Amino acid sequence: MTSAVARKYAQALLEVAVPEKLEDQVLADLGSFGELLGDSSELTEALASPAIPIAAKKEMLKQLSTRLSLAPIVTNFILVLLQNGRFSQFDECLEAYEQALDRSHGVVRADVFTSRKLDDGVRQRLEGEVSSMTGKQVKLQYYEDASLIGGVRIEVGSKVFDASVRTQLDDIHRRLVGV
């Protein structure tokens, strides 16, 4: 879940990227920078540390930007996060940017919960079904949840489509008990 602050930063970044036609480049560059941060906790700590002067952080960012060939818009965005004490929210901003970009392209995200890993053929059919249900292109994120026993539970925004065996058993139990 992303915070309101992260969503505002992401939306502002998208609004700057769209006129330049750099939306996908920005996403790729943010992803590259995020991977670098994930690989180096020391770098993340240094950039987030209030003990390190902003000038030193700017120099680090400049070197990293050159090394990763980041678009200037991405470098400036990260600099804004640093200057405003929001660097610790970088991952949230990346997630919020992906969501904002999807919305701008008319793509809906959904979470799919199953008791076991699904093969590619089933995933493709499921994607087609969810796309038909929503009337939009979808991106599905898959999760395994053994407690479902079987079937599937799909969450699209605040809507939940639950066809799991666990839910069916719970329904039968409630009817038998009379609750």
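This is a predicted model: local features need pLDDT of at least 70, side-chain atom pairs count only at pLDDT 80 or more; totals for chains, interfaces and linings use all residues.
A residue counts as partly exposed when its relative accessible area lies between the two limits used here, under 20% for buried and over 50% for exposed. By that definition Asp171, with a relative accessible area of 30%, is partly exposed.

## Salt bridges

Side chains of opposite charge can pair when their charged atoms come close. Across the whole structure, five salt bridges are found, and three of them are set out in the table.

| Salt bridge | N to O distance | Relative accessible areas |
|---|---|---|
| Arg109 and Asp102 | 2.6 Å | Arg109 34%, Asp102 5% |
| Asp170 and Arg166 | 3.6 Å | Asp170 30%, Arg166 33% |
| Arg174 and Asp171 | 2.3 Å | Arg174 38%, Asp171 30% |

Two of these pairs belong to helix H8, which covers residues 165-177. Asp170 and Arg166 are four residues apart in H8, which means that about one helical turn separates them, and their closest N and O atoms are 3.6 Å apart. Arg174 and Asp171 are likewise separated by about one helical turn, although here the spacing is three residues, and the closest N and O atoms of this pair lie 2.3 Å apart. Arg174 is partly exposed at 38% relative accessibility, as is Asp171 at 30%. Elsewhere, salt bridges that share partners bring Asp102, Arg109 and Lys139 together in one network.

## The four-stranded sheet

Four strands form an open sheet in the order S2-S1-S3-S4, with mixed pairing. S2 and S4 stand at the edges and have a single partner strand each, so one side of each is without a neighbour in the sheet. On average, neighbouring strands of this sheet are turned by 20° against each other, direction ignored.

Strand S1, made of residues 107-114, is mostly covered, since six of its eight residues are buried under the limit of 20% relative accessible area. S1 runs parallel to strand S2 (residues 137-144), and eight bridges join the two. Along this pairing, Phe113 has Tyr143 of S2 as its bridge partner, and Thr114 stands opposite Glu144 in S2.

Two packed helices are described by the angle between their axes and the distance between the axes. For helix H4 (residues 54-68) and helix H5 (residues 72-83), the angle is about 160° and the axes are 11 Å apart. That angle makes H4 roughly antiparallel to H5, because angles over 145 degrees count as roughly antiparallel. The crossing in which H4 passes H5 is right-handed.

The loop between H4 and H5 contains Ser69, whose phi near 55° is a positive value in a residue other than glycine. Most residues other than glycine have a negative phi. Ser69 is exposed, with a relative accessible area of 56%. Ile149, found in the loop between S2 and S3, is another residue other than glycine with a positive phi, in this case near 70°. Ile149 is partly exposed, with a relative accessible area of 44%.

Definitions and conventions: Residues are numbered from 1 along each chain as its sequence is written. Side-chain values use heavy atoms; hydrogens and water are left out. A salt bridge is a side-chain nitrogen of Lys or Arg within 4 Å of a carboxyl oxygen of Asp or Glu. Buried means under 20% relative accessible area, exposed over 50%, partly exposed in between (1.4 Å probe, protein chains only). Two strands pair if DSSP finds at least two bridges between them. Axes are lines fitted to C-alpha atoms, for helices over the stretch in contact, and angles run from 0 to 180 degrees between N-to-C directions. Angles under 35 degrees count as roughly parallel, over 145 as roughly antiparallel, 65 to 115 as roughly perpendicular and the rest as oblique. A crossing is left-handed if the near helix is turned anticlockwise from the far one by less than a right angle, and right-handed if clockwise.
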